[in-house]
Amino acid sequence: MTTSTTAALTLPAARGPLSASVLGTLLREQPRADLDFDGLADADPLGDDLQLALHLCYELHYQGLPGVSPDWEWDPELLRLRGALEARFLTALRESVPGGDDVQAALDDLLVEPIDVEGVSHYLRDHGDWTQVREYFTHRSIYHHKEADPHAWVIPRLRGRAKAALVAVEFDEFGGGRAELVHARLYADLLRAAGLPDGYLALIDQVPGAMLAVVNMMSLFGLHRSLRGALCGHFAAAEITTAPSAQRMDQALRRLDAPEACRFFYTEHIEADAVHEQVMRHDVLGDLLEQEPELAADVVFGIQATEFLEGRFGEQLLRRWKAGKSSLRT
């Protein structure tokens, strides 16, 4: 079992013509002119093929891809395809949420949990076995390997108190200056303790498009200044919902007598994210909307899109687990 904490050893396998076209181009197995724009019309904007193709394009802006030249990051033709993929994805997200501009109501909705709700963390706390927990760790690895990185794109797009407060939250996410406490490092420790490969994106072939979409949404919002309000809304939603979810995960792991490194990742989030919630609500969003009230609808969109994609991912996992099946692709 690998214990690498650097990069995945191989590129992920293609999941259809779009991702095959991107992979072939990045490895120079085909000319750029053969990038598959025609396949866009028939592709599911939330499906595995489009989401993997978009994830590959985005990864060039993060840690890169094994065997792929860093020069592809700003290749005009690849950026043109990425833009077309993004347009399909963004349209699908906008069509899937109700919209509106009442930020306070959208935030308040996150704090109200129906009595009969059953999300992934509820299920794992009450019924999950170790195999299902390890599957969940696998899914979330592509999110937590770059935890807080997509949010950093918005820093130069903010001003004043909103910028200072968001940087304070990011400072905690990046370990408060201590490498061993960077949250992405803590998740690698969790994976290793659970007996899973901990290399960067090493598990991506097992992760379905529903999870890729959650991470792609963060990159989409972060890389576009026009979506800075949506990124801040997403970040606030993530911080508001993480603490109670982390508490349930810790309860699940204690019930299963999981290794301490697995529990530590979640206990680290319980108290920290409860504080971050207040900072994001009052200092980041409060100041941002005071400066730019016209961004209210974008903030609401970011909150709703986060809830939509996380809910869609959770429903997929629960449906398979309750049917006695694995939630992994392979």
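**Cavity and helix crossing**

Mentor: Let's start with the lining: Cys57, Leu60, His61, Trp72, Glu73, Asp75, Leu78, Leu79 and Arg82 line the largest cavity. Bear in mind that this is a predicted model, where local features need pLDDT of at least 70, side-chain atom pairs count only at pLDDT 80 or more, and totals for chains, interfaces and linings use all residues. Residues are numbered from 1 along each chain as its sequence is written, and side-chain values use heavy atoms, with hydrogens and water left out.

Trainee: How is a cavity found, and what volume does the largest cavity have?

Mentor: Rolling a probe the size of a water molecule over the atoms shows where empty space is left. Here a cavity is a set of points on a 1 Å grid over the protein atoms alone where a 1.4 Å probe fits but cannot get out, and lining residues have an atom within 4 Å of a point. The largest cavity has a volume of about 40 Å³. Helix H3 (residues 76–96) gives the largest share of its lining, three residues.

Trainee: At what angle do the axes of H8 and H11 cross?

Mentor: Axes are lines fitted to C-alpha atoms, for helices over the stretch in contact, and angles run from 0 to 180 degrees between N-to-C directions. H8 (residues 160–173) and H11 (residues 228–255) have axes that cross at roughly 50 degrees and come within 13 Å.

Trainee: Which residues make the contact?

Mentor: With contact meaning heavy atoms within 4.5 Å, H8 brings Leu166, Val169, Glu170 and Glu173, while H11 brings Cys232, Phe235 and Glu239.

Key
Helices (H or I, at least four residues) and strands (E, at least two) are DSSP runs, numbered from the N terminus. On a 1 Å grid over the protein atoms alone, a cavity is a set of points where a 1.4 Å probe fits but cannot get out, and a pocket is an open set with protein on both sides within 12 Å along at least five of seven lines; lining residues have an atom within 4 Å of a point. Grid points are joined across faces, edges and corners, and a volume is the space filled by probe spheres set on the points.
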